[in-house]
Amino acid sequence: MLDRRALLQAGVIAPLVGLVAARGRAERAERAWIVFELTGGNDGLDTLIPFEDDRYHRARPTLALEKRSVLALDEHSGLHPALTGLRASFERGELAIVRGLGSPKPDLSHFKSQDAWAAASVADVPPPSGWLGRLHDVAVERGLWARSPLALLAVGRDLPPPAFATEHFVAPACHDFAAFARTPLARAGALGLDPSRTERLREAEESARGAAAEFARAAGTRVFGAYPPTGLGDHARMAARVRIAGLATRVIWITTPTFDTHTRQRREHEILLGRLDASIAALRDDLSRAGLLETTTILTVSEFGRRVAESGVGADAGTDHGNASIAFALGGGVQGGFAGEASDLGDLDADGNLRATVDFRDYCATWVTSAGVEPGAVLGEARVPLSILRRRA
Amino acid sequence: MNPHRSTALEPFVPSPDDPWDRAKAAHLLRRAGFGARPREVLALLRLEPAAAVASLVDFPDIDAELEAQIALEGGCLGELDNRNRIGERLGENARVWWLYRMVNGRRPLHEKLTLFWHAHFACRENELLPTPLLLAQNRMLRRLGPARFDELLLAVARDPAMLVFLDNRSNEKTRPNENWARELLELFTLGRGNYEQHDVVELARVFTGWRASSGEEPRFAFSAAHHDEGDKLVLGTKIRGRAGASGVEEGDEVLRRLARAPSTARRLADKLARWFVCDEPSAEIIECLAAELAGREFSLRETLRRLFASRLFFAPAQRFALVRTPVDLVVAAARSLEVQNVHLLGLETISARMGMQLLRPPNVAGWGLGARWICASAAAQRAEFARDLAQLPHTTRRVAGHAALDVEALAAGAREPRRIASELGVRIFGVEPSSAALDDFVAGLAPNAAPNDVVRAAIERWVGCADFALA
């Protein structure tokens, strides 16, 4: 039998220290995060309903949901009736519901609030890079994530989301894996230019070819979940395929418009939440079937919640922009149950909005931490992760 | 000794060894516009270099009223043919309108310069900043962009879109808002490292009371009641506080000073170099351009005239030394191929998919340049765009209802595949493809491919390849 020294010399095994580090990397490298962005500002109050609170019913004579229709989770609160899949996950102990999630410096502009969320910052002028882009840079630099053109991937979008922005990486966005895989990528140049001039462009083409091959693999991966026949359902299916095909993608971003329910909220919100619930449930089932639920975290973000008081009348009733809302986190390493205090309906801010009890930057810090990176390295300040992560064995 | 010698832009003078030729004329057209159509190249070659530059730089002033009319009434595509997109969003229409002008306009430099300023004073459409305000801003950038930077800066500071976008309309003496003051120093003039936070604070006080009227057509309005009348100290210089309507003069005083500061000249020179010369400009180029700006009253038109006529600009090292922005790329392709009904081609969607949506820059810093545009998705998008262009329906005369190509005219009478590929290469790049690339292209064709199919294959190949991503 060959001794260790001989193996080392032959380059067959790495020195022990390196070996341990490599194994640690491999374990973490399998993890992934799937972000559902509920653009427009999701109404937390009609998502997690405080059905016993009279102030809720008084503020929303048209929109308030009755106790009997709500999917009760405890004596005070329950989920919107469209969220049956999420209720099942809650009962299985795999869903965390973050309450009172918002900003200490709320801004009623979608644009400014989206910018703040993208950068995980409340600065007047947030940094141009996104928090996931910065996480990518740190994780790759430290060898926690493999360098890959697909490390951050947006599906069903024209452009990568601002949260992915970084100077060192431009994430791909893909609408359709099969179409991307069929793209006839150019061969060779045309003008016989100095190779130094086209080197990076050729690298990008190589990378697109690599991505196309990976996407072809993803496109051919079988999934079983009952995805709703909508754009969001398709994108959730794409996310499942990325995971099951084993692509080197660490963060998948799915954008779903538009929760900006200024009018006709009762009907619109039910449709929106129904699609979201069915998409997440199908994705959850596929991940679970493939044994990937433990290493995949599904989470939601939304730039703000909505005004407590409804506006408009009858079927037209809706809500204006607000502050605190709720978020869902499901799967990999998540401790099921409630996190954060529900915002106090008796203590609204000057605009009539719910105050945040959980800082959205701490929510971002939670996912940075779950990637094995200290929040300060990504968020520029020491944020405190929420206690919704299970301790690793 | 002439201290300016090293920073002067020496004019290019043709010689038998270094003639005024097709490669140089096409280079000028790619930079001063979008792509180089063969007849435009020929027209420039009939002129002396300086006159060729003048033909591009001395574009006529435009009728701002007409622009506004087209933009806001009768559907923004009133001057185009049928199918104006009534019912769709005005922002979408505005993008189509602008791209249409870039592709078909007779003053491509005017469009490119307006795009340059749009990327510099980058305001983004959102629910607080609706499209009409951005169109009004666009009109202002068109009118003042070619002229003196100080006049432009004064107008930008009063522009309702900017007052909304950077919140200066809520900058009041009791609660100053620093947003505009900070970007003015950091992005629009001096640049980082040339001011301190206390300058931002003091400058914000200078601009208190600069606001926009409310209503359908907001205009600049100075509110003396909200203006801080105290003295300010900006960049080491005391600004005397003024009461009443003359409070507005404080801002004008500072704006004029900022516009003409040496670090502003360097910052603008760096940006001009990255837009019009190369991705990684040398210190020499930047110094030259900064000196030109300062020596020509910060007139963009005069600075570009000197730049485009210079030996430095025509040096072979500068050719294909710029990574195109997505807008440049799609417009250059459509312009070179003379796509008909280009407003129905969806360039606004294609460039957005590539990451650049007009009137929606990612943030106030505008779009990145150069290598930033190189990525896997861009390569795939470019290839897809090339294929879609190549598959456009054929037409021999102007048709309504869909975008189309006159495929036969693009072959310029050539029948032989290698000749066709060469003609298309000249049209798309402005210069002939290499012999090796032509060989490779012909080798990949089906035997007995019909001329029209060769044209389509050449479009897909040349527009899709990496070299087309460079200008």
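Guide: A salt bridge is a side-chain nitrogen of Lys or Arg within 4 Å of a carboxyl oxygen of Asp or Glu. The structure discussed here is a predicted model.

Visitor: How many salt bridges does a search of the whole structure find over all chains?

Guide: Some of these pairs cross between chains, and the count between chain A and chain B is two. Over all chains, the search of the whole structure gives a total of 59 salt bridges.

Visitor: Which residue of chain A forms a salt bridge with B:Asp167?

Guide: The carboxyl group in this pair belongs to B:Asp167, and the closest N and O atoms are 2.4 Å apart. The partner in chain A is A:Lys112.

Visitor: How much area do chain A and chain B bury between them?

Guide: The contact draws 39 residues from chain A and 47 residues from chain B. Carbon and sulfur atoms account for 60% of the buried area. Of the area that chain A buries against chain B, 19% is supplied by A:Phe111, A:Leu191 and A:Leu201, more than by any other three residues. The area that the two chains bury between them is about 3400 Å².

Visitor: Which helix gives the most to the side of chain A that touches chain B?

Guide: Across the interface of chain A and chain B there are eight residue pairs in polar contact. On the chain A side, helix H5 (110–119), helix H7 (177–182) and helix H8 (195–219) each supply at least two residues. By class, that side has 20 nonpolar, ten polar and nine charged residues. The helix that gives the most, with nine residues, is H8(A).

Visitor: Is B:Lys24, which meets B:Asp18 in a salt bridge, buried or exposed?

Guide: The side chains of B:Lys24 and B:Asp18 approach to 2.8 Å, N to O. B:Asp18 is partly exposed, with a relative accessible area of 34%. The relative accessibility of B:Lys24 is 3%, and values under 20% count as buried, so B:Lys24 is classed as buried.

Visitor: What separates B:Glu92 and B:Arg95 along helix H5 of chain B?

Guide: The side chains of B:Glu92 and B:Arg95 meet in a salt bridge at 3.6 Å, N to O. Both residues are buried, B:Glu92 at 17% relative accessibility and B:Arg95 at 1%. An α-helix has 3.6 residues a turn, so residues three or four places apart point the same way. Because B:Glu92 and B:Arg95 are three residues apart in helix H5 (residues 90–104) of chain B, their separation is about one helical turn.

Visitor: How many residues apart in sequence are the parts that B:Asp440 and B:Arg461 tie together?

Guide: The salt bridge between B:Asp440 and B:Arg461 has its closest N and O atoms 2.6 Å apart. B:Asp440 is partly exposed at 31% relative accessible area, whereas B:Arg461 is buried at 8%. B:Asp440 lies in helix H22 (residues 435–443) of chain B and B:Arg461 in helix H23 (residues 451–464) of chain B, so the parts tied together are apart in sequence by 21 residues.

Visitor: Which residue has its backbone nitrogen 2.9 Å from a polar atom of the side chain of A:Asp53?

Guide: A:Asp53 sits in the loop between strand E2 (48–49) and helix H3 (54–59) of chain A. With 18% relative accessibility, A:Asp53 counts as buried. The backbone nitrogen lying 2.9 Å from a polar atom of the A:Asp53 side chain belongs to A:Arg55.

Visitor: How many residues of helix H11 of chain B are buried?

Guide: Among the buried residues of H11(B) are B:Asp199, B:Val200 and B:Leu203. The buried residues of H11(B) pack against helix H10 (179–188), strand E1 (210–212), strand E3 (232–234) and helix H12 (248–259) of chain B. Helix H11 (residues 197–206) is mostly covered, and of its ten residues the number buried is seven.

Visitor: What distance separates the C-alpha atoms of A:Val242 and A:Pro257?

Guide: A:Val242 belongs to helix H9 (residues 231–244) of chain A and is buried at 0% relative accessibility. Leaving aside its neighbours within four places in sequence, A:Val242 is in contact with A:Leu153, A:Phe177, A:Leu247, A:Thr249 and A:Ile252. A:Pro257 is 15 residues from A:Val242 along the chain, and their C-alpha atoms are separated by 22 Å.

Key
Residues numbered from 1 in each chain as written. Chains lettered and ligands numbered in written order. Predicted model: local features only at pLDDT ≥ 70, side-chain atom pairs only at ≥ 80, totals over all residues. Heavy atoms only, no water. Contact = heavy atoms within 4.5 Å. Buried area = accessible area lost by both parts, 1.4 Å probe. Polar contact = N/O pair within 3.5 Å; in protein donor to acceptor, adjacent residues only side chain to side chain. Helix = DSSP H or I, 4+ residues; strand = E, 2+ residues; numbered from the N terminus. Nonpolar A, V, L, I, M, F, W, Y, C, P; charged D, E, K, R; others polar. Buried < 20%, exposed > 50% of the residue type's maximum accessible area, 1.4 Å probe, protein only.
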